[in-house]
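Colleague: I should like to learn how to read salt bridges and helix packing in a model of this kind. May we begin with the terms and then turn to the cases?

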Protein chains: 2
Amino acid sequence: MSPYSEIKFDINYDPANLRWNGWGAEGHDFFYANRVPEIVALLAKEIGVAPDSFASTPSVALEDLRVPPARIGEAGLKSLATIVGKDAVFADRRMRVLYSRGQSYYDLIRLRTNQFSVYSDAVVFPSDEKQVAKLLAWCEKNRAAFIPCGGASSVVGGLEPIAGAHKAILTVNLQRMNKLIEVDEISGLATFEAGIFGPQIERILNDRGWTLGHFPQSFEYSTLGGWAAARSAGQQSNRYGKIEEILTALRMVSPAGEIETLRAPAGATGPDWNQIIAGSEGLLGVITRATVKIHRLPEVRSYFAAYFPDLARAVAFVQDAVHADFAMARISDALETRNLEILSRAVKPETAASAFKHQLQEQALRIAGMRAGRCLVIAGFEGDAREVQGREITARQLIRKHKGFYGGKSGGQNWQRGRFNMPFLRNHLLERGIGVDTLETAVTYDRVFELHDAVLKALKKSADPCLAMCHLSHSYHEGACLYFTCMFPIDVRDPVGQWKRIKIAASDAVVAAGGNISHHHGVGADHRPWFLKSLGATGVGALKALKANLDPKAILNPGKLFG
Amino acid sequence: MSPYSEIKFDINYDPANLRWNGWGAEGHDFFYANRVPEIVALLAKEIGVAPDSFASTPSVALEDLRVPPARIGEAGLKSLATIVGKDAVFADRRMRVLYSRGQSYYDLIRLRTNQFSVYSDAVVFPSDEKQVAKLLAWCEKNRAAFIPCGGASSVVGGLEPIAGAHKAILTVNLQRMNKLIEVDEISGLATFEAGIFGPQIERILNDRGWTLGHFPQSFEYSTLGGWAAARSAGQQSNRYGKIEEILTALRMVSPAGEIETLRAPAGATGPDWNQIIAGSEGLLGVITRATVKIHRLPEVRSYFAAYFPDLARAVAFVQDAVHADFAMARISDALETRNLEILSRAVKPETAASAFKHQLQEQALRIAGMRAGRCLVIAGFEGDAREVQGREITARQLIRKHKGFYGGKSGGQNWQRGRFNMPFLRNHLLERGIGVDTLETAVTYDRVFELHDAVLKALKKSADPCLAMCHLSHSYHEGACLYFTCMFPIDVRDPVGQWKRIKIAASDAVVAAGGNISHHHGVGADHRPWFLKSLGATGVGALKALKANLDPKAILNPGKLFG
């Protein structure tokens, strides 16, 4: 069995095949789609409402969306076709809808309830860097906004079609720029065009015995350029690094010209351009190429479950894990732990045998001191078999040190199997009146508990009734990423107002507790006010000056980040 | 014994006590100053010249330096005194000379031969951030250049007093801003004012059981702010990270205002301001505070020597070491290995017993296959005793895997003892007609050997006759830092022209072979042409726009980096 066998390599990315109002491609679904009614019933109980109290919330049909006429006419489309070719220019309803939004709850609820009023006017698919440069010039000349796009999986409004003073909006989708440029097996580096999807990268590298090791939850539907532009984090970032650490070099095409960073390991040559381009969310230019660190396919990827009596013990364990070569160490807080346990039972029909097995497990946990309030940790290692074996011994010692309970590998395997699957469940919940929003932040350890409690309080107050829970998804020397999930009955009278209330309350609480407004989702349009406040006027002014130099006509991705 | 006992905590940083034309404070010297004649004789042999062929090159006396009158008059000094206090403003000869140069060969040879024509007009020592802001405003108002300064140990012309269009030059020395602001033992973070020296940081942290772990060779005479401004690397950066990785937050005061980055572990909030400020070399503002990652004092610091039959085997070993928790793994090439061996014998009088011991060692090495061309590696670990023990077993396996020979710990201990001492030897060599220049670069592994050979060839050609050698000082996943040392008879007719010839040849060779013009020394005035070429017009233009916004009157450190 390949250590990466859970990767689905045969995804059909044909836009005709992608869901315009939900996650993923047609035919690619939640593993337990047939158990959704049972899941809904359980969630009702957890939220504290009657199981039949959720509204029916079917999506409007694509044909019924109020999509205004495109502001790029026949002549414009023709001139675009001279740049990218006829088969790479689209102004049809489906394409305009598909690439005018990301995958945030805010995006999807507006689409599904027909409240989106602005759409991109055309979508083009350049096939090389020269075409990108020409498209930039086209937008400058035609006073059109230029929105760069990869997998369109932003959950922070990174693709929000904001025209501003522009006469039209052009979305430029990089998916056809997905070639491998070079694999350097001596230096452990590979260079790809930026529009390549996660599974396409892994297929190319796995065939040669290598891996990138970057697995965000969006892995199946997001691209290398998108990861870099938004500072993505993979689930194994403890081992492989966050995308900005994985990058060795970048190439970006701006209206003012091209910037290519040096393909060298480290430097003392002024501000680090990789770290200016990473996170620039398409405001400074279009990332066209990236050189990334690659690793030999690990012989073993071994994940296990462990339980800790409370969040404090689990966090102390993870602080040790950061310095003990863990590929990942992920903590669910008490409520998320409880819900993961419930969910894992709900997705399979209960039999006498399974009920009995569950009873035994519960008993074992209680005997070990893991009662209500216990926190689940999924953690593990990747590498040579012997190396991993040694580390697992250390892991067991660390679990004991922090009064935890080793829960075996089946929990780890389940997590691996389902790691990219949860976004598909949301598709179903949105149909059944249940809203699902997520948000994340990074904070130093001295503030973890304060922030955890403050954000949950804000969510509970603003989304009452709801189920609000948290996991600690990534950890560092000095702090961690806290990832919150909030599920609530959709207020059909004003779903957008409901979301805004929740978003504002949660974001205010994050910033007040010293958290970063984003650890890996990015800023986009949604986090902009909190980002501007955190950075302050001097920093914002300087970034604007940088943009004014690279993008003097301000065509690039208006209204996002500091734009 | 403290694991950090080789740190000299009692250095007297009083400017009156610092050498104005060489490294360090009076009374702080090369350990084997009494053996310098023997060392000179050996170097002559290695360079290939007669031992008495070196010119006598005593320094001009401080009184005889042609220091032009200061262009900041009594009134100016008085108004500066209202900002920083009377005891913090200096325009005397010694102070102006001391802080108008760094510690490069180019700086020292010009000073010692009285070829420096421009000096800073005054030196001030602010004691807080508000004073820094007022000094910026003073320079804007008085059209003076503002050169921020820490330990004045730049080896790339980072302090070069270039007035440009300015009416005067003010050097602002941060050394009095050396307070601890906070130690956060929960998050493993400490915040200091930027002007604090290396040993001052370690003393504060060691007393509490912590360490920063950042030990550049300049450690004893350089400051936190200087490290950040120039992207310094410590000798143990494999374990503790390069300074830009050690930084969690920074505060910078610019003419346009203050930028303070968020004290959070990681983010997805646009371009990373820590990585814009790090390496900005005083062009964008003055770094006034830094929050850095700190670590529990390791129980053990254990370094050993190993030999490999050639550079290729040693590099292969180090590539494995990068992923095996080494705190350091440093390779000397064949010629540096040979010279280190010769030097270590030269510093002590030879006895019959020591000659016999050397003979035995040589025999053992030859039997193990380590003949001429062998490369010395100094490597080791820091951490818990048990942990380090385990890693040492792995290290021995890796040495065997790459056909190396374990050379024991005494070589490692010698390296630890002398790690900060070599710059003092240069003081003596400069007196005796021997020039010493060093340069470094970072390059990917696929180009290490090509670059190594090309740069040595360029040095040998441009500095003929010379002794040119190299060590690989820092290593990364995808490449390494190569550090070159060149020793040559000073051409007393034109020492500056001689240096320029060498610098240009070496830098051209570095860039042609794909290396970064600097890995940890910085750009300053000396590397500027190669830096500008590497980054390209678009990137340079954007940085200039950034600077124009933060420093609209262009007072900050003119003529360095992209300024």
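Modeller: Buried means under 20% relative accessible area, exposed over 50%, and partly exposed in between, with a 1.4 Å probe and protein chains only. This is a predicted model, in which local features need pLDDT of at least 70 and side-chain atom pairs count only at pLDDT 80 or more, while totals for chains, interfaces and linings use all residues. Residues are numbered from 1 along each chain as its sequence is written, chains are lettered from A in the order in which they are written, and side-chain values use heavy atoms, with hydrogens and water left out.

Colleague: Which residue forms a salt bridge with Arg263(B), and is Arg263(B) buried or exposed?

Modeller: The partner is Asp184(B), with the closest N and O atoms 2.5 Å apart. Helices (H or I, at least four residues) and strands (E, at least two) are DSSP runs, numbered from the N terminus. In those terms, Arg263(B) sits in the loop between strand 9 and helix 10 of chain B and Asp184(B) in strand 5, 79 residues apart. Arg263(B) counts as buried because its relative accessibility is 13%; Asp184(B), at 5%, is buried as well.

Colleague: What does the salt bridge between Arg391(B) and Asp325(B) tie together?

Modeller: The N to O distance of this pair is 3.7 Å. Arg391(B) belongs to helix 14 of chain B and Asp325(B) to the loop between helix 11 and strand 13, so parts 66 residues apart in sequence are tied together. Arg391(B) is buried at 12%, whereas Asp325(B) is partly exposed at 27%.

Colleague: Which residues are linked with Asp446(B) in a network of salt bridges?

Modeller: The network links Asp446(B) and Arg447(B) with Glu182(A), Asp184(A) and Arg263(A).

Colleague: How should one read the length and packing of helix 18 of chain B?

Modeller: The expected span is 1.5 Å times one less than the number of residues. Helix 18 (residues 495-512) has 18 residues and should span 26 Å, which agrees with its end C-alpha atoms being 26 Å apart. Its buried residues include Trp499(B), Ile502(B), Ala506(B) and Val510(B). With contact meaning heavy atoms within 4.5 Å, the buried residues pack against elements of chain B, among them helix 4, strand 16 and helix 19. Just after the helix, Gly514(B) takes a positive phi of about 90°.

Conventions: Salt bridge = Lys/Arg side-chain N within 4 Å of Asp/Glu carboxyl O.
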